[in-house]
Amino acid sequence: MAHQSPMIAIPKKTTGDVDWTAPIRNLIAKSFGENPDNYAQECQALQRCRQDAVKGAGSDMTGRDLLYKYFGQLEILEMRFPEIRVNFPWNDAFTNKLTTQTAIAYEKASVLFQIAATHSAIAASQNRSDPEGLKLAFYYFKTCAGMLTYINENFLHAPSTDLSREVIKFLVGVIMAQATEVFLEKCIDEKKAPTLIAKIASQSASMYTSLSEEVKDFMGKGIFDRNWITLIQIKSKHFGSIAQYYRGLVDNKAGAHGEALVRFTLAESLAKEANRSAASFSALFAHVSPTLPADAGPSISERTKVQLQLSTDRKTEAQRDNDLIYNAVLPSADALPAIEKAVVATPISIQEVYRAPDVQNVIGADIFVKLIPLSVHESASVYSEEKAKLVRKEVENAESAEVEVRSALEAMGVQAGLARFKAMAEGSLGGEEEIPLDVRRWREDINVMEDREGIDILLQQMARLKETVKTELDNISRDLDVESRECETMRVKYDHLWTQEPSASFTKSIRQDLKSHLGALDAAGVSDQQVSTLWESVKSDIRLLLSPDVEDVFRASAQRDAPSESLLDLDIGAEAHDEKERIRIRQYTTEIEERLGRLKKFAYERGEVLKELKDKIQADDVSHLLLLNRRNPGAEQSLFAAELEKFRTYQQRLGTTVHNQQVVLKEIQGLWKNLRDLAGRGPGAKKWDERERRKKDTVRRFSNARDGYMEVRDGLTKGLQFYQQLTDLSATLTVSVKSFITDRRSDRDRLVGQADIQQRLAVPQTPAEKPPLPPPPRRSAPSLDSSFASMNLQGSQNSVSPPPKPPQASYSTFPPPPQSINAYSNLPPPPHQPARPAYTNPVSPNTPSDPYASLGAFGSQFSTPRAAPPVPRQQTHSASPQRQSSFSLPPPPPSRPQYAANPQIPQTYGQQAPPPPQSWRQYPPQTQPIQQGSQYQNMPPPPPPSQGHDTQQYYQGYGR
């Protein structure tokens with residue numbers, strides 16, 4: 001068509017700027033307790049979304065999408081912030097009056113009005129001569145009516161004229177009349193049946209006629225454009241003419257020529273009125289109306305003119321035919337039956353519009369998706385628990401199914417017995433070269449230990465340590481003997497001038513320690529021999545286990561006594577029967593293996609389905625739906641049930657696998673029973689049992705060897721530890737002995753010098769008369785018994801010191817010394833010297849049963865090198881005060897109980913141990929001049945020996 005009927009488009013509202021940011025930030029801080037700064041980008045996105053939708057968009061598809069997105073975000077925003085208050089300024093679409101409301105519902109209604117206006121503009125602008133354009137026009141007129149209907153149904157108290165119920169109702173009528181008009185154009189273009197066209201035209205005429213009556217209520221209020229009223233009136237006459245025209249065609253075809261002629265006359269009359277009004281409208285139409293196309297006047301005038309021409313021509317033809325042919329009686333116009341109406345257009349609801357996938361894509365994700373109200377969180381937690389229950393139930397079912405299969409197969413012995421029957425079916429023992437898993441593991445473990453440190457290397461290390469200890473202890477004994485001989489040699493040489501005490505009293509504790517060490521060393525040799533004997537007993541089996549020949553051992557155990565005999569050679573003359581039996585056994589084993597494979601397939605499928613179910617549940621999020629249904633608390637249960645139905649498919653698949661598994665298990669049970677009845681009691685089974693017995697014996701042999709090997713390693717480890725500790729103790733004892741000997745020799749050298757001086761002074765200068773005897777001594781000379789009596793054998797710290805030593809009796813025979821050295825003749829007696837704490841062993845030397853059990857005591861006693869024993873003080877005539885030696889050692893602790901040996905070793909490691917080392921005992925008090933620079937001058941007295949040591953923290957044997 002050259003001209004298409006002009007369509008009315010709803011005008012759009014206008015608005016000002018709105019600040020979303022401040023109110024949202026306040027609500028986030030107060031209601032949600034979060035930092036508003038974390039949502040600055042979201043606030044900016046919402047602000048930009050509104051700006052684009054209501055101020056920057058046009059009446060096209062882009063504007064439609066922007067409005068769709070903004071309204072969708074408003075819906076979610078209202079659910080999240082129902083109490084939000086923002087000033088929303090909107091100008092009325094018809095009166096341009098500004099109305100400002102703070103309710104978000106007002107903003108939503110205004111945006112919906114904008115969407116409806118945009119839809120009407122899109123529909124009115126379509127080229128309806130194109131089928132696609134006609135279809136779009138029809139769709140958008142209906143969606144426009146749906147948006148307006150939603151406003152009327154949900155926003156009852158309109159603050160502005162354009163949102164009032166009367167105005168919205170009128171607009172819905174206009175839009176639906178235009179939608180019906182579009183559908184009528186489509187039917188006429190497609191030359192549909194005249195009956196249908198007449199009904200649709202009658203519906204359009206009726207709708208426009210009703211609008212013509214309704215618009216009278218708005219006249220004089222300045223709401224609607226006067227062009228709308230004129231156009232509606234023209235179309236009511238125009239579509240009435242079309243309805244009568246097409247119904248006349250129907251009547252004429254039906255033979256009602258009189259009725260047809262009357263209808264054509266009515267069509268001509270209505271067309272004349274429409275054409276006359278259209279001509280006047282075209283002459284007066286202003287081309288500045290934003291809601292009508294620019295060619296609205298000429299278009300409607302042209303269309304009414306065409307309809308008038310058709311009606312006139314058809315009336316003239318019908319009049320001629322009736323006059324010449326039919327001569328039908330013409331009824332009155334009021335007597336004609338009314339033309340039926342056909343409703344062809346209904347509004348499309350907003351829910352249907354927003355349910356479309358393309359609209360959802362336009363809306364996009366929730367801007368404040370991270371900000372979930374507490375109530376929605378609680379509802380989501382309830383839903384998550386429902387999902388967790390579902391998963392737990394399915395996992396428990398799957399685990400129960402796995403346990404059922406495993407238990408059933410283990411109870412029947414399928415896994416172990418199937419290889420046996422397969423070998424019988426093949427006519428051989430089978431598995432001759434197989435090394436049992438335990439043996440293979442033992443072999444790998446021993447290989448690792450031998451590669452790291454072999455038994456032979458450990459034995460060599462222990463022998464070296466033992467020899468080192470033995471040599472060191474022998475050297476200590478020799479050094480002590482040499483020192484004692486040197487002391488006694490000087491005593492013989494200088495006779496009474498030699499005042500150094502014999503070393504025997506001072507080295508008693510050292511020799512006791514030495515004896516203890518030597519005793520432990522000798523007893524440890526017995527344990528060493530036991531370990532060596534045990535190693536020799538298992539060495540060959542261990543070497544065999546580590547060699548490749550172990551496979552030959554198991555092969556020989558399987559083939560022994562039956563190298564070429566078949567398991568089913570029951571009788572020489574029954575080979576044919578045996579072959580049939582083998583075939584049947586092979587069939588049973590094949591079927592059982594096939595069903596075992598199916599069980600594995602079911603288990604794998606069940607695991608995959610469970611994995612998919614967990615992933616699906618993990619990704620499932622209904623927070624958006626809960627937010628949308630926040631106003632309907634009772635809808636949660638139904639919503640949860642509907643959402644959980646998504647997982648019904650997975651549950652059914654899991655149930656199917658469990659059912660199929662039970663069926664296959666029953667089949668396996670039947671097949672296994674038949675197989676055992678067939679081949680479980682013959683000679684072949686007996687030979688198999690014999691082969692298994694021999695194999696177990698071989699495994700037991702290597703198990704014993706492995707146990708012995710581990711015992712040897714354990715014994716060697718503890719033996720090395722014992723010898724290492726004994727080496728440390730011997731080294732500490734060596735340091736003490738060397739220090740003692742050094743001090744003794746230094747003291748001896750000093751005494752030798754004094755004795756030489758005294759001998760020279762004792763030589764008489766003249767054979768004159770004998771000098772007078774010196775005054776009698778005020779104290780008796782010390783003896784060896786008194787010296788030993790002064791030693792505290794019980795470790796007491798209050799020992800009584802011996803009396804001071806008198807001058808030597810030999811001084812009475814000396815002549816008077818020269819005047820220059822006269823001081824030596826009148827030396828005062830040495831002052832009384834307090835007793836020093838003795839180095840004693842407070843524990844009686846009970847001999848421990850395990851020599852290696854003494855390790856802990858030595859280790860704790862000599863954890864740091866102890867000082868050498870003090871050099872005994874010599875009683876000399878000197879005006880200097882006495883010097884007291886401070887050398888002292890702490891007492892050793894008592895021994896620990898014997899370590900219980902490994903059951904495989906006949907006896908404990910070491911049959912007898914020496915007594916624990918004795919402490920250094922107190923030196924008897926001596927009087928001697930202070931040597932300048934002596935290392936003992938400023939040393940404090942030693943601490944008293946500790947009493948009551950815990951006997952459990954020392955002497956750790958290496959059999960433990």
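Me: Which residues in H6 meet H7?
Reply: This is a predicted model. In H6, the residues that meet H7 include Phe-170, Gly-173, Val-174, Met-176, Ala-177, Phe-183, Leu-184 and Ile-188.

Me: And in H7, which ones meet H6?
Reply: Among them are Leu-196, Ile-197, Ile-200, Ala-201, Met-207, Tyr-208 and Leu-211. Gln-203, Ser-204 and Glu-214 are also in the set.

Me: How do the residues of that contact divide into nonpolar, polar and charged?
Reply: 15 are nonpolar, five polar and two charged.

Me: What about the axes of H6 and H7, how do they cross?
Reply: At roughly 155°, and the axes come within 9 Å. H6 is residues 165-189, H7 is residues 194-214. An angle over 145 counts as roughly antiparallel, so H6 is roughly antiparallel to H7.

Me: Is the crossing left-handed or right-handed?
Reply: The crossing of H6 and H7 is left-handed.

Me: Switching topic. Which residues have the most contacts inside the largest nonpolar core?
Reply: Trp-20, Ile-24, Phe-113, Leu-148 and Tyr-354. That core has 113 residues.

Me: What does the second, separate core include?
Reply: Met-449, Ile-510, Leu-534 and Val-699 are among its 43 residues.

Me: Now the whole chain. How many helices and strands?
Reply: 25 helices and three strands.

Me: What share of the chain is buried?
Reply: Buried residues make up 47% of the 960.

Me: Of contacts between residues at least 6 apart in sequence, how many join residues at least 24 apart?
Reply: 86% of them.

Definitions and conventions: Residues numbered from 1 in each chain as written. Predicted model: local features only at pLDDT ≥ 70, side-chain atom pairs only at ≥ 80, totals over all residues. Heavy atoms only, no water. Axes fitted to C-alpha atoms, helices over the stretch in contact; angles between N-to-C directions. Helix = DSSP H or I, 4+ residues; strand = E, 2+ residues; numbered from the N terminus. Parallel < 35°, antiparallel > 145°, perpendicular 65-115°, else oblique. Left-handed = near helix turned anticlockwise from the far one by under 90°. Contact = heavy atoms within 4.5 Å. Nonpolar A, V, L, I, M, F, W, Y, C, P; charged D, E, K, R; others polar. Core = buried A, V, L, I, M, F, W, Y, C linked by side-chain atoms within 4.5 Å. Buried < 20%, exposed > 50% of the residue type's maximum accessible area, 1.4 Å probe, protein only.
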